[in-house]
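Q: I would like a close look at a single part of this model, with the terms spelled out as they come up.

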Amino acid sequence: METTEKIVESYCRYVKGWLTLPNIKCQGQYEIDLLAIDPKTSTKPNRYHIESGVSISGSYSGLTTKPFSPDDLKIRVKQAGQRRTLGYFIDRKFNLPQVKAELSKYGYADGNYSKVIVTWGWQSDVKVLADLEGIQLWDFRELVQEIADVCRDNKTYFTDDTARTIQLFAKALASKSGRT
């Protein structure tokens, strides 16, 4: 599991209070980054299929609406750009038959769960297309900030390495600025 995926899982667990299941293998070497369920909803739990695509590389940090090409994904020098397109997530993360088959094993069926992409920002036109596709966009930077806010003021000792690291970092920053 990548570090960014662990941070997203920590966000879902410690900020949202959701139950999570990470890194679900699908047939054909595909993978679902994270499934989450909000158990606090009254009638039936809200379900989430969450995919992370976080890059801080200048030209590849934001999600784009550039065309996705499965052929270009096979060309090493074009892979990074292809993985930063909304089409990549739609075609390779949400709509693949192998992914849908695995989702169905967990009770996820079209229309009964939300699709989420976590990324380091996006171009303005991406939000419009994502909304049309029924995909929520979460900005990774905001998630980290929310985790830090929750952890900084929490006296709980987190045994989760990711949450504990963010907690220590947030407390260190607050101590350095004189807030605690």
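Which residues does K6 touch, not counting residues up to four places away in sequence?

A: Some ground rules come before the details. This is a predicted model, in which local features need pLDDT of at least 70 and side-chain atom pairs count only at pLDDT 80 or more, while totals for chains, interfaces and linings use all residues. Residues are numbered from 1 along each chain as its sequence is written, and side-chain values use heavy atoms, with hydrogens and water left out.

Leaving out residues up to four places away in sequence, K6 touches M1 and T162, where contact means heavy atoms within 4.5 Å. K6 is found in helix α1; helices (H or I, at least four residues) and strands (E, at least two) are DSSP runs, numbered from the N terminus. With a relative accessibility of 38%, K6 counts as partly exposed, a class that lies between buried, under 20% relative accessible area, and exposed, over 50% (1.4 Å probe, protein chains only). From K6 to I24 there are 18 residues in sequence and 14 Å in space, C-alpha to C-alpha.

Two packed helices are described by the angle between their axes and the distance between the axes. For α1 and α8 the angle is about 85 degrees and the axes are 9 Å apart; axes are lines fitted to C-alpha atoms, for helices over the stretch in contact, and angles run from 0 to 180 degrees between N-to-C directions. The two helices are therefore roughly perpendicular, the word used for 65 to 115 degrees, whereas angles under 35 count as roughly parallel, over 145 as roughly antiparallel and the rest as oblique. On the α1 side the contact is made by K6, I7, S10 and Y14, and on the α8 side by T162, A163 and I166. These residues divide into four nonpolar, two polar and one charged, with Ala, Val, Leu, Ile, Met, Phe, Trp, Tyr, Cys and Pro counted as nonpolar, Asp, Glu, Lys and Arg as charged, and the others, Gly among them, as polar.

Leaving aside neighbours within four places in sequence, V8 is in contact with L34, I50, S52, V118, F140 and L143.
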